[in-house]
Amino acid sequence: MVVPTTARPATLRDATRLRAIDVDLHHQISDWGAVAPYVPRGLRWRISRKGGPPLARHGFKKVGVGFGDVPMPPANGGSQPHPAADPVWVKEQYLDKRGVDLAILTTQLLSLSVQPYVDLAAAIARGVNDWTLETWVRPFDCFKGSILVAPQDPEQAVAEIERHGEDPGMVQVLMGSAGEAPLGRRAFHPIYAACVRYDLPLALHIGGEGAGNSSPATPVGHPSTYFEWYGSLPQSYMAHIMSMVTEGVFEKFPTLKVVLYEGGIFWLPHVMWRFDKNWKAQRSEAPWVKDPPSQYILRHFYSTTYPLEAAPDPKYLHQTLEMIQAERTLMFSSNYPNWEYGDPFAMIEDVPEALRRRVMVENALAVYGERLLAPNRRG
Amino acid sequence: MGTHMVARVDEIPPGGRKIVRVEGREVGVFNLNGTFYALKNSCPHQGARVCLGRVVGTTIPAGVYEFQYSKEGQILRCPWHSWEYDITTGQSVFDPNVKVVTYPVEIVDGQIAVTVAT
């Protein structure tokens, strides 16, 4: 949505001065004791311990330190502090130094969507959302929050969206892409109805694939290594895209926007055109799919830059950017502080100059709207 | 261009069809409830003999999770790749611009007359 400068309320930030918007910053909970007071009392006892709540995760250990050249805080006694645990550190050492004016917080809890204990998952989401608002978002205009939800119980997920739906500090609904079922299934539709009711994009983030309640991380079984697991993750998005288009999610919710985090882009043209080709012959099974599937995909899905595939020749990237209409659909994401796949700015050096401002600023403004520019306090 | 008598009316009963050859091309003549239609026997996709396909109905575009099976007897499904065409217009179900070529049909003295352009 573009609002003429003259009509813009004085309280909104001036979008023309923004240099970069990072739509994926993984802030870290280093002390679950600080989150506990925000968790409903009945389940608080399950998380109020130093290591946090018990969470099913993939069983792989990352190779190396995992943070790339992210500035590390000084050691605190014997333990090494986490580079994304302190909002002041993140602002000064990352945002200010790299020229990023706004960052959307996405937690480190992307496996919440696969936790079998659904009430605990919902309680964690609730506690983390309130903690994020109070400790990161309210005090800092450079941070915006995501409404983290546990989709395995859509009813509680909807209630959580309703709690924050009008909060200017929250700019999207966030959930893990791993879970019990393809996301087009109608059990999830109330979540999408809530997203459009509050004009909030839905963000999907890989992370829980193969763990907890989810199926194996690939349709043929469990990967053996982190290397194989991470490389396989875009398959989640392929399955969800096909499911959401086929099940008519975008016919029911024509204003829904879906942001795909950390999945790359080069596989998208394949999905679009395989799907279009088959639709011509097979559309009668899902007659509500009225347009070629690629049109729904281009209208409703948005991609993020980290970790952009390392194509051996920039011309391959340029072709793919054209195919996915990157001038509208691609947004800069840093994945801070998980820079083990490279520096997020160096990674996009081959993105053409003509697209750069779209990718760094304007596409995010179009996707998230005025909430990005609004002060983080209500009223 | 010419008009050709391709069959007697009583040769093609309702729901029936006849493949005829007119000026070097094959044409499918269909009887839908007493009205005759002529379509070129060539699918715009890859040239299959589309008029040999099954005559069926289909689920027309509808609301989410609604199945409205209609146009029974009016949809021609190509035998190669299952693209569906409306016999009365030649248009595919998925894109009106994807069409099987159609020819005007008249009934003259109990004969079916098909007019083709050269």
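**Terms set against their definitions**

Modeller: The secondary structure of chain A comes to 14 helices and eight strands; helices (H or I, at least four residues) and strands (E, at least two) are DSSP runs numbered from the N terminus. This is a predicted model, in which local features need pLDDT of at least 70 and side-chain atom pairs count only at pLDDT 80 or more, while totals for chains, interfaces and linings use all residues. Residues are numbered from 1 along each chain as its sequence is written, and chains are lettered from A and ligands numbered from 1 in the order in which they are written.

Biologist: How do you know that the radius of gyration of chain A agrees with that of a compact globule?

Modeller: The radius is taken over C-alpha atoms, and the globule rule is 2.2 Å times the number of residues to the power 0.38. For 379 residues the rule gives a value near 21 Å; chain A has 20 Å, and therefore agrees. The C-alpha trace of chain A spans about 65 × 45 × 45 Å along its principal axes.

Biologist: Why is Ile191(A) called buried?

Modeller: A residue is buried if 20 or more other C-beta atoms lie within 10 Å of its own, exposed if 12 or fewer, and partly exposed in between, with C-beta atoms placed from the backbone. Ile191(A) has 20 such atoms within 10 Å and is therefore buried. Buried residues make up 48% of the 379 residues in chain A. In strand β1 (residues 21–25) of chain A, five of the five residues are buried.

Biologist: What makes α5(A) and α6(A) roughly parallel to each other?

Modeller: Axes are lines fitted to C-alpha atoms, for helices over the stretch in contact, and angles run from 0 to 180 degrees between N-to-C directions. Angles under 35 degrees count as roughly parallel, over 145 as roughly antiparallel, 65 to 115 as roughly perpendicular and the rest as oblique. The axes of α5 (residues 154–164) and α6 (residues 189–197) of chain A come within 8 Å and cross at roughly 10 degrees. The two helices are therefore roughly parallel.

Biologist: Which residues make the contact between α5(A) and α6(A)?

Modeller: Two residues are in contact if their C-beta atoms, placed from the backbone, lie within 7 Å. On α5(A) these are Pro154(A), Ala157(A), Val158(A), Ile161(A) and Glu162(A), and on α6(A) they are Pro190(A), Ile191(A), Ala194(A) and Cys195(A). Eight of them are nonpolar, none polar and one charged, where Ala, Val, Leu, Ile, Met, Phe, Trp, Tyr, Cys and Pro count as nonpolar, Asp, Glu, Lys and Arg as charged, and the others, Gly among them, as polar.

Biologist: How are the strands of chain A arranged in the sheet?

Modeller: Two strands pair if DSSP finds at least two bridges between them. Three bridges join β1(A) to strand β2 (residues 102–105) of chain A, and the two run parallel; Asp22(A) stands opposite Ala103(A) in β2(A). The eight strands form an open sheet in the order β1-β2-β3-β4-β5-β6-β7-β8 (chain A), with parallel pairing.

Biologist: Why are β1 and β8 of chain A called edge strands?

Modeller: Each of β1 and β8 (330–331) of chain A pairs on one side only.

Biologist: How many residues does each chain bring to the contact of chain A with chain B?

Modeller: Chain A gives eleven residues and chain B gives 15 residues. On the side of chain A, α10(A) gives the most, with three residues.
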